[in-house]
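Please examine the structure shown below together with its sequence. The paragraphs that follow lead through its helices, their packing and selected residues.

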Amino acid sequence: FEQLTNGQKEAVQSALEVSERLVEVQKECGTKYSSTNIELDLSTAKVVTAWASGCSWSDALKLSGLAPGDLVRMLGRVMDALRQFGKLPYNPVRSSSFGEGKGVFDGSLGLGTDLRNLCRDAATSMDRYPVKDPLPFETDDLETEEGIPEDEEEK
């Protein structure tokens with residue numbers, strides 16, 4: 001934890017607060033919960049940050065101490081999570097008392113635009129050899145295919 005930047009420390013603190021709140025909500029809703037299921041592994045924060053900032057592959061291997069395949073897998077998982085966060089809709093969350101006649105909770109508006117953009121930018125900067133994802137990040141290709149008439153799709 002001591003090796004993290006101040007920004008990273010703030011993010012970790014925020015994540016821990018969110019995980020504590022998650023356990024509280026699970027208790028309130030009567031769902032099965034376990035605080036042991038919530039893990040925050042900080043051991044890879046330095047290499048992930050360095051890779052997203054443009055370090056070389058050999059530097060990333062030295063920082064991580066991992067085998068090349070393990071590092072590719074780990075960075076790929078981080079990149080996938082960043083892409084998913086980057087695509088989250090900006091919607092209000094439902095309150096825990098939704099069934100009691102209350103509608104949408106106005107206290108949280110979901111994942112903000114700045115954070116989603118930051119996640120997308122980080123995923124894009126990480127998407128380079130040898131971690132490069134063979135699948136495109138943008139969904140524009142999918143949207144254009146939906147507009148093709150059925151008889152043209154068969155050709």
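Aspartate 127 lies in the loop between α5 (113-126) and α6 (140-146), where helices (H or I, at least four residues) and strands (E, at least two) are DSSP runs, numbered from the N terminus. The model is a predicted one, in which local features need pLDDT of at least 70 and side-chain atom pairs count only at pLDDT 80 or more, while totals for chains, interfaces and linings use all residues. Residues are numbered from 1 along each chain as its sequence is written, and side-chain values use heavy atoms, with hydrogens and water left out.

With a relative accessible area of 14%, aspartate 127 is buried; the term buried denotes under 20% relative accessible area, exposed over 50%, and partly exposed in between (1.4 Å probe, protein chains only). When neighbours within four places in sequence are left aside, aspartate 127 is in contact with Met79, Arg83, Lys132 and Asp133, contact being heavy atoms within 4.5 Å.

Helix α1 (residues 6-29) comprises 24 residues and reaches 35 Å from its first C-alpha to its last, close to the 34 Å expected at 1.5 Å a residue; the expected span is 1.5 Å times one less than the number of residues. Gln8, Val12, Ser19 and Val23 of α1 are buried, and the buried residues of α1 pack against α2 (45-52). Glycine 30, with a positive phi near 75 degrees, follows α1.

Two packed helices are described by the angle between their axes and the distance between the axes. Here axes are lines fitted to C-alpha atoms, for helices over the stretch in contact, and angles run from 0 to 180 degrees between N-to-C directions. For α2 and α4, the angle is about 75 degrees and the axes are 11 Å apart. α2 is therefore roughly perpendicular to α4, given that angles under 35 degrees count as roughly parallel, over 145 as roughly antiparallel, 65 to 115 as roughly perpendicular and the rest as oblique. In this packing, Val47, Val48 and Trp51 of α2 meet Leu71, Met74, Leu75 and Val78 of α4.

Helix α3 (residues 57-64) also packs with helix α4 (residues 68-87), at an angle of about 95 degrees and with axes 10 Å apart; α3 and α4 are therefore roughly perpendicular to each other. Trp57, Ala60, Leu61 and Ser64 in α3 meet Pro68, Leu71, Val72 and Leu75 in α4.

Turning to the cysteines, cysteine 55 is buried at 15% relative accessible area, and cysteine 119 is buried at 9%. The count of disulfides is 0, a disulfide being a pair of cysteine sulfur atoms within 2.5 Å.
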